[in-house]
Amino acid sequence: MFYTFIKWLARILLYPLYPSVIRGQGYIPPEGGCILVSNHRRLIDPVLLGGYVRRRVVYLAKMEIVNVPVLGTLFRWYGYIAVNRKTADLGAMRKCFALLERGGMLGIFPEGHRYKSVTLGPLEDGAGMIALRARCPIVPLYFSPYRLFRPLYVRFGPPLDLSDLHARGSEAAAYAQATQRIQDALLSLAAQCPKKN
């Protein structure tokens, strides 16, 4: 209920401020465990991007987010999996796998940090690792830098095929290869967005 409320609130309040040009939503599987990977620009990204996906997206987010005024409350209502980035947070990983096994959609910003204006920052291996261990599809999503009342370009790409890496799902080299494919997919989508808006 709260998720739907926040989703519609975002449509009412945010979408007029950031008019969106969206392509590729049909690549999102209608059901089943799935990971949505995206570049990361601002704290409001999960709320803004969630409105482009018909399915509910549960985002993996740093645990400090709950302390951000107003936004922390929205995140608690919206639903997220808190992760401690200073340690190997096994509890958070178990929650991710459980969500995917139930057929849910997990949202991950593999850069791990916000990059407001650059095309794409360096990626961490977490999304690739989770996808390989859970053996679920990854759908890439890229969106351009956004400013008030300027077009926001949003591009979804086809699910990435990592099946050849599944047998090596516990190897660091396989995680690195999966991460490289995610990066290549995001950069390919970035190239489809106009350079200036």
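Which handedness does the crossing of α5 and α6 have? The crossing of these two helices is right-handed, where a crossing is termed right-handed if the near helix is turned clockwise from the far one by less than a right angle, and left-handed if anticlockwise. The structure is a predicted model, in which local features need pLDDT of at least 70 and side-chain atom pairs count only at pLDDT 80 or more, whereas totals for chains, interfaces and linings use all residues. Residues are numbered from 1 along each chain as its sequence is written, and side-chain values use heavy atoms, with hydrogens and water left out.

Two packed helices are described by the angle between their axes and the distance between the axes. Helices (H or I, at least four residues) and strands (E, at least two) are taken as DSSP runs and numbered from the N terminus. Axes are lines fitted to C-alpha atoms, for helices over the stretch in contact, with angles running from 0 to 180 degrees between N-to-C directions. Helix α5 spans residues 126–134 and helix α6 residues 172–190; their axes come within 8 Å and cross at roughly 110 degrees. The two helices are therefore roughly perpendicular to each other, on a scale that counts angles under 35 degrees as roughly parallel, over 145 as roughly antiparallel, 65 to 115 as roughly perpendicular and the rest as oblique. Helix α4, residues 90–101, packs against α5 at an angle of about 50 degrees, with the axes 11 Å apart. This angle makes α4 oblique to α5. The crossing of α4 and α5 is right-handed.

Side chains of opposite charge can pair when their charged atoms come close. A salt bridge is defined as a side-chain nitrogen of Lys or Arg within 4 Å of a carboxyl oxygen of Asp or Glu. The structure holds one such salt bridge, formed by the side chains of Asp164 and Arg181 at 2.7 Å, N to O. Asp164 is placed in the loop between β7 (152–156) and α6, while Arg181 belongs to helix α6, so the pair ties together parts that are 17 residues apart in sequence. Solvent exposure is classed by relative accessible area as buried (under 20%), exposed (over 50%) or partly exposed (in between), with a 1.4 Å probe and protein chains only. Asp164 counts as partly exposed at 48% relative accessibility, and Arg181, with a relative accessible area of 25%, is partly exposed. A separation of 40 Å lies between the C-alpha atoms of Asp164 and Arg147, which are 17 residues apart along the chain.

The loop between β7 and α6 also contains Asp161, an exposed residue with a relative accessible area of 54%. Asp161 and Asp89 are 72 residues apart in sequence, and their C-alpha atoms are 27 Å apart in space. Glu124, in the loop between β5 (105–108) and α5, is partly exposed with a relative accessible area of 45%. Its C-alpha atom is separated by 21 Å from that of Pro158, 34 residues away along the chain. In strand β6 lies Phe143, which is buried, with a relative accessible area of 0%. The C-alpha to C-alpha distance between Phe143 and Thr73 is 25 Å, for 70 residues apart in sequence.

Positive phi values were found in residues other than glycine. Arg135 has a phi near 55 degrees and is situated in the loop between α5 and β6 (138–143). With 54% relative accessibility, Arg135 counts as exposed. Phe149, not a glycine, shows a positive phi of about 65 degrees. Phe149 belongs to the loop between β6 and β7 and counts as exposed at 57% relative accessibility.

Trp77 is located in helix α3 (residues 71–78) and, at 39% relative accessibility, counts as partly exposed.
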